[in-house]
2 protein chains.
Amino acid sequence: MPRIVMKFGGTSMAGIERIRSVAQRVQREAHAGNQVLVVVSAMAGETDRLVQLCREAAPLHDPTEYDVVVASGEQVTAGLLAMTLQAMGLVARSFMGWQLVRASGIHGNARVEAVEAAMLDEALTAGTVAVIPGFQGVSTDGRLATLGRGGSDTSAVAIAAGVKADRCDIYTDVDGVYTTDPRIVPRARKLDQVTFEEMLELAGVGAKVLQVRSVGLAMRENLPLRVLSAFEDLPGTDIVAELSGDGMERNLIAGIAADRNEARITLTGVSDKPGTVAQVIKPLADAGIAFDMIVHAATPNTGSSDLTFTVPRASLAQAMAVIEKLSKEIGYTGLLHDDAVAKVSIVGVGIRSNPQLAAKMFEVLAERQINLLAVSTSEIKVSALIAEPELELAVRVLHTAFGLDAANLNEGRAA
Amino acid sequence: MPRIVMKFGGTSMAGIERIRSVAQRVQREAHAGNQVLVVVSAMAGETDRLVQLCREAAPLHDPTEYDVVVASGEQVTAGLLAMTLQAMGLVARSFMGWQLVRASGIHGNARVEAVEAAMLDEALTAGTVAVIPGFQGVSTDGRLATLGRGGSDTSAVAIAAGVKADRCDIYTDVDGVYTTDPRIVPRARKLDQVTFEEMLELAGVGAKVLQVRSVGLAMRENLPLRVLSAFEDLPGTDIVAELSGDGMERNLIAGIAADRNEARITLTGVSDKPGTVAQVIKPLADAGIAFDMIVHAATPNTGSSDLTFTVPRASLAQAMAVIEKLSKEIGYTGLLHDDAVAKVSIVGVGIRSNPQLAAKMFEVLAERQINLLAVSTSEIKVSALIAEPELELAVRVLHTAFGLDAANLNEGRAA
């Protein structure tokens, strides 16, 4: 008998009427002959309310006590969904995170280590629908631990892997994964299939459909995911290890990602010798500052060069301080920064084997006079750093050039 | 080092400002050299909100899932108080009910069976303030269990007994136990001391300061309780096994209790032979209906008699149905009922040894032409069933006659 995990987000749990409609979806899957395990978020707004209470109680609060407070939201919806399913005639019960999800690491941002599958196995095999609060587990010290905001996706995937589910369906308030942000490109098209790697790149640079960690975990566990609407009966997007069937005929490029969370720092006149990049980047890494694109361009025959890199916009001030403090050791003539930059990326498994795709991207941007401040490439992604005011234009022209536009607006929403 | 349990009700936990003021009281006790354990209720209104959600989800809901939902309220306040105490520089942490309170019995109305004292001992001895959500524990099947409305008082007493606390202080929105309901008698006086038995009688018949079960438990464990205001610095009332010191000079009567939750049933013309009372009362008990006063008055030399008894007003219809169904077996000529009755009681350890007190009560009521429909006595209580419209008058005249009136209104509130 197929075993599936269904995960519902906060919007679909916001109030008894919506919980009832979630229960109907669960009933449908159970009546279709599936063993069903449901992972739920807190009611929309509830986690924010609880976080706000913690902030008012103590601005710098103990993350362990924070976990105690915020974990309560999913506990409530899990109990409510279980009793709603029972009222519909299904055999259902809730399990608490502390009863079966072992977590480790930092409180407030813990990681799932193991799932007590035996208890769930028994219930599922007996035909019981199991309802589990997402976002939480029990830490090695026996206390409540939460997984970080959006952690219910990761809970769902970890639990699905733990009970060897056939797939994990993520019900959300969007109906799938799109070729790009539909707010920028109204003709963005819903993808039928996307690979884990593509999804990671699309999610990592702005498509906030799924928590990135949950996608990475599903990839490692080779667990098929499906993103679909909690409100409409639409097919959704399959997230899989390899494109199959119709998916093979999909466009080589899955989508265009846009990311405004970038700032650029340039050191001019640094020494053009081995070790310069490390000398700058290591202290940033030590300070916990992520960095992304790095360009080290030498001025020929001068022994001098410029070093440009990007950091998250929120870390810009801290990164500048770190570098200024080390100005003597590094030795540079100028220190520039710019937070009006953005990153546009083409993402797709096709990039691996088609260098022409990157070339085409540069050509399309050049035609529109969009200047490339930096470029980085990976197996499935080519990213260009550009001036932020040009971001939306860049996304639109690339979306059209790579054949991603829906034939018409209706198709765009429904495909 | 003295070890105390402080319990705070929902009104004192309603919002961060009030939680901060609770934290200040806790800090004062800790700085005074006490080991402190705090038991908290949910924010005022929160449990009602959660109960309402359960009712909307499923009118006849599974009590196990109900427990999952409603237990969340105290979890939130426990976490918030712990982080507030930490912000004030105290070492504090929360423990969850499922980590240390073992409960048994019916979900939604479970009983505390045992407290894992070792974990708490360790924390308290190390100087940590322990914060525990009231009203909940873990059942024998490993699931969340709640103790019934008002159960936080019982949690507090059970935990205090478990960790061998020197006393348990119940902070509430009244500042102590009064000689009677101050809404009926404005000159009601706060008692400095009251015995467990007196408190049980006062609480059982309407003085809703403390959950009755918590008083019974404290009596069995011989654990001194104190009821005091969460909002004002006033001495409160000590609830003790035996009156001591000044308390010995207290009035023989502790207070006057008023109870409107009464209804009377009379069977006329029943057989005046042994077994008649049992024949009527047993089916009521089997149906789970509590009964209170019973008067079986024979008409001399007729072999016939009237049987009168009282039941909770909410059970009147059900009780009438039970008796009508058994009319042939019982054999009576008339079946009467009256729900406009009430019970007034004098309560005090002095009653045991002073039959004059009961006589005085009847005399005082007779002077005001208040008719006694039934009377019952116990070691520390004399109750009279009277017509409900006469209840407030009865309470007032008895309060004055037994010397309980405060000398003036101010003293009444502050004494």
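**Entry 1: what counts as touching**

I start with a definition: two residues are in contact if their C-beta atoms, placed from the backbone, lie within 7 Å. With that in hand I looked at how the two chains meet. I found that 100% of the interface residues of chain A are also interface residues in chain B, so the copies meet through the same surface.

I looked up the confidence next: chain A has an average pLDDT of 90, and 96% of its residues score at least 70. Where pLDDT is low, the predicted coordinates should not be read in detail. For the model I noted an ipTM of 0.79 and a pTM of 0.81.

**Entry 2: the shared surface**

I went back to the interface for its make-up. There, 30 residues of chain A are in contact with 30 residues of chain B. Five helices of chain A each supply at least two residues to the side that touches chain B: H1 (16-31), H2 (46-57), H3 (63-70), H4 (72-87) and H5 (97-100). Which helix gives the most? H4(A) does, with 11 residues. By class, I noted 18 nonpolar, 9 polar and 3 charged residues on this side of chain A.

**Entry 3: H4(A) against H2(B)**

I followed H4(A) across to the other chain, where it packs with helix H2 (residues 46-57) of chain B. Their axes are 9 Å apart, and the angle is about 25 degrees. Angles under 35 degrees count as roughly parallel, and H4(A) and H2(B) are therefore roughly parallel to each other. Their crossing is right-handed. From H4(A), I listed Val76(A), Leu80(A), Met83(A) and Thr84(A); they meet Leu50(B), Leu53(B), Cys54(B) and Ala57(B) of H2(B). This contact has 7 nonpolar residues, 1 polar residue and no charged ones.

**Entry 4: H2(B) against H3(B)**

Staying with H2(B), I looked at its packing inside chain B. H2(B) and helix H3 (residues 63-70) pack at an angle of about 145 degrees, and their axes are 9 Å apart. This crossing, too, is right-handed. Thr47(B), Leu50(B), Val51(B), Leu53(B) and Cys54(B) of H2(B) meet Tyr66(B), Val69(B) and Val70(B) of H3(B). I sorted the residues of this contact into 7 nonpolar, 1 polar and no charged.

**Entry 5: H13(B) against H14(B)**

Helix H13 (residues 355-367) and helix H14 (residues 391-401) of chain B have axes that come within 10 Å and cross at roughly 130 degrees. Are they parallel or oblique to each other? H13(B) and H14(B) are oblique, and H13(B) passes H14(B) in a right-handed crossing. From H13(B), the contact uses Lys360(B), Met361(B), Val364(B) and Leu365(B). From H14(B), I wrote down Ala394(B), Val397(B), Leu398(B) and Ala401(B). By class this contact has 7 nonpolar, no polar and 1 charged residues.

Definitions and conventions: Residues are numbered from 1 along each chain as its sequence is written. Chains are lettered from A and ligands numbered from 1 in the order in which they are written. This is a predicted model: local features need pLDDT of at least 70, side-chain atom pairs count only at pLDDT 80 or more; totals for chains, interfaces and linings use all residues. pLDDT is the predictor's confidence in each residue, from 0 to 100. Helices (H or I, at least four residues) and strands (E, at least two) are DSSP runs, numbered from the N terminus. Ala, Val, Leu, Ile, Met, Phe, Trp, Tyr, Cys and Pro count as nonpolar, Asp, Glu, Lys and Arg as charged, and the others, Gly among them, as polar. Axes are lines fitted to C-alpha atoms, for helices over the stretch in contact, and angles run from 0 to 180 degrees between N-to-C directions. Angles under 35 degrees count as roughly parallel, over 145 as roughly antiparallel, 65 to 115 as roughly perpendicular and the rest as oblique. A crossing is left-handed if the near helix is turned anticlockwise from the far one by less than a right angle, and right-handed if clockwise.
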